[in-house]
Structures are given as structure tokens and as C-alpha cells.
Amino acid sequence: MKTISFAVPCYNSADYMDTCIESLLACGDDIEVLIVDDGSSDQTPEKADEWERREPERVRAIHQENGGHGAAVNAGLAHATGLYFKVVDSDDWLDKGAMEKVMAYLRSQRERTQPTDMVVANYVYEKVYEDTSQTMRYRNVFPVEREFDWSESGTFNASHYLLMHSVIYRTALLKDVGLKLPEHTFYVDNIFVYVPLPHVKSIYYLDVDMYRYFIGREGQSVQEETMMRRIDQQLRITRIMIDAVDVESVEPKMLRKYMENYIAMMMCICSVFLRMKETPEDDEKLQGIWDYLKQYDHELYKKVRRKVINVGTNLPTKLGRKVGIQGYHIAQKVFKFN
């Protein structure tokens with residue numbers, strides 16, 4: 001068994017995928033890199049095959065018809081043989097120094113009867129259009145460098161969530177949960193990191209800057225114009241997350257509160273971008289997603305609706321719409337997300 005399987009979803013990634021793959025191979029000989037070519041039309045398939053030829057013990061090229069990011073992650077998980085599993089997008093990379101500490105801990109788990117379920121480390125927004133970087137840490141939330149459970153978790157701040165970039169899951173846990181992401185849909189990383197959480201019984205946090213998240217490529221899914229254009233996919237992901245977990249039954253309380261806040265954040269994003277579009281059709285979609293949550297779980301609906309971020313972004317009237325959107329943009333600058 002390999003210590004960790006890295007899945008690298010690739011769609012027309014030929015211009016930048018080498019940097020990502022090289023950073024993964026630097027993690028050692030006990031890893032596998034699963035390059036998932038998701039129906040690319042550039043040189044990605046040939047590059048993936050060449051990497052497999054060069055590193056047959058550590059690299060596998062997987063080719064499939066285009067199914068989107070979710071389908072690529074699904075394929076990576078299906079082929080994974082490592083004790084742990086991590087997704088690394090093809091335009092991102094892992095920090096070598098940080099990974100030395102992360103890999104040392106993952107290797108220590110190979111001899112345990114019950115290895116840690118989820119390992120967490122920091123991620124860094126590399127904002128090329130601003131020539132800046134922003135590190136997201138968890139030292140105010142989690143104990144550092146010791147195993148713990150959710151009862152010892154602190155409180156996450158308003159812009160601080162576990163993302164796909166920061167987590168490494170035990171592979172068997174993801175397979176036991178039956179995690180399967182929707183195809184041809186963006187923002188599936190929210191499902192990946194959210195749905196398994198109630199099954200996580202042990203956590204280990206390393207305060208090192210592991211994941212480098214590249215922001216600035218044209219058409220990137222987190223750009224504001226792109227999010228407005230893909231709002232229907234955001235709505236779809238939010239509905240799937242609402243359906244996937246009965247949040248009000250989650251224990252312990254700290255995890256339940258975190259998952260409530262995550263749903264609140266997803267609803268806030270839906271509200272902001274639908275109100276930005278300012279059409280009757282989008283107003284109907286906004287009412288529809290709130291009705292969906294209300295019908296699924298009325299208690300969760302009340303809690304989420306009363307959160308400050310959703311009160312602020314759902315103020316009535318045109319003035320309320322303007323105030324809510326301005327508040328979102330202020331929060332972007334203060335918390336430096338997206």
C-alpha cells in the first residue's frame with residue numbers, strides 16, 4: 001500500500017500541469033500520482049502518458065471522456081490504493097518543506113490499527129493578479145500536532161472553512177461513505193470536504209503551509225463574473241449538500257455548528273450572486289433555494305436565515321439589495337477570500 005494517493009484532475013492542463021506533478025513526486029517513493037485526463041483536447045493526454053512512462057512505479061495516467069471536475073475526482077478515488085487520498089488541482093502545487101512534515105505524519109499512521117481519519121494543514125491563496133498571497137491557518141481552531149476529535153475544535157471565523165485544499169482524508173473512509181461527486185458541475189469541492197465530516201472521528205492538524213492555490217487564471221471558477229454565469233451549478237451543489245447530511249442530528253455540537261455555518265455560507269453565496277443578476281427569474285431562483293432548505297429542515301432553515309451574513313445579503317427592497325452586495329464586496333477585501 002502506498003502512503004498517499006494524489007489525484008490530479010486535468011482538463012487542457014498541458015501548459016502548467018508539470019509544476020503540479022513535480023511537487024507531488026517530491027513527496028517520496030511511497031506515493032502514487034493519479035493523473036486524470038478528463039477528455040482534454042490539448043497535449044494533456046500525451047503528457048500524462050509520458051509521466052507514466054517516466055515514473056511507472058509512482059504515476060498512473062487515467063483517460064476518460066469529459067465529465068468535469070467531479071468525474072475526475074471520482075475516477076481518482078476509484079483507482080486510489082494509498083492509505084490517504086488528496087486532490088491537487090493541476091494548476092496548483094504542494095510546498096516541499098511543508099510536505100516533509102505532512103508525509104512524516106502520514107507514514108507514522110501506516111502501522112496503526114486506527115489511523116487518523118483526517119489530516120489538516122494550511123493553504124495559501126497565490127493571487128497572481130495582485131502579486132500577493134494570503135495564508136489560511138487553523139491554529140485558532142485546532143490543537144497543533146496532536147490527534148484530537150471534534151469536541152476539541154474551536155470556533156471558525158466568518159471566512160474560515162475547511163476546503164479541499166487543506167484536507168487529506170483516509171481513503172477507506174471516503175470509500176466507506178460512498179462519496180461520489182456530480183458530473184459536469186463546478187464547485188464540487190464543497191461536497192468533497194463537507195459530506196464526510198460526520199464520519200471523521202480523529203483529526204490531526206499541522207501548522208504548515210502545504211497547499212498553494214493559484215488564483216488569477218482567466219475563466220477560473222472563483223472569479224465573480226464566472227460565478228454569476230454558473231449560478232445554477234452553485235444552486236445544484238447547495239441542494240445536494242442540504243440533502244446529503246441531516247445537520248441537526250450531527251454530534252458533537254461543535255461539528256454541528258460548523259456544518260450549520262457552512263450551509264449558511266453556501267446560502268449567502270447563492271443570495272449574493274442571484275441578487276447581483278437582478279432579474280425576476282433570478283429572484284424566483286433565490287426564493288426557490290430558500291424554500292428548498294425550509295422544506296427539508298425547518299429548524300436548520302431558521303438558524304441559517306438568522307445568521308448575520310444572510311440577514312445582510314437578503315435585505316428587502318432595491319436599497320437592501322445594494323447594501324447586501326456592497327457588504328459582500330467589503331467582506332471580500334477584509335477577509336481576502338476569492
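I began with a charge over a ring: Arg239 lies over the face of Tyr292, at 5.5 Å from the ring centre, where the criterion asks for NZ of Lys or CZ of Arg within 6 Å of the ring centre and within 35 degrees of the ring normal. I then looked up Arg230, which lies over the face of Phe186 at 3.5 Å from the ring centre.

I note that this is a predicted model, in which local features need pLDDT of at least 70, side-chain atom pairs count only at pLDDT 80 or more, and totals for chains, interfaces and linings use all residues. Residues are numbered from 1 along each chain as its sequence is written, and side-chain values use heavy atoms, with hydrogens and water left out.

Next I turned to aromatic pairs (rings of Phe, Tyr and Trp, the last by its six-membered ring, with centres within 6.5 Å; planes under 30 degrees apart are stacked, over 60 edge-to-face, the rest tilted), and the count came to 19. Tyr138 and Tyr205 form an edge-to-face pair, 6.0 Å centre to centre with 85° between the planes. I found this pair to link distant parts of the chain, 67 residues apart, with Tyr138 in the loop between β7 (132-136) and β8 (147-148) and Tyr205 in strand β10 (residues 203-215), strands being DSSP runs of E of at least two residues, numbered from the N terminus. Both Tyr138 and Tyr205 are buried, that is, under 20% relative accessible area with a 1.4 Å probe, protein chains only.

I also looked up Phe142 and Phe148, a tilted pair at 5.2 Å centre to centre and 40° between the planes, and both are buried. One aromatic cluster includes Tyr138, Phe142, Phe148 and Tyr205.

Notes
Helices (H or I, at least four residues) and strands (E, at least two) are DSSP runs, numbered from the N terminus. Buried means under 20% relative accessible area, exposed over 50%, partly exposed in between (1.4 Å probe, protein chains only).
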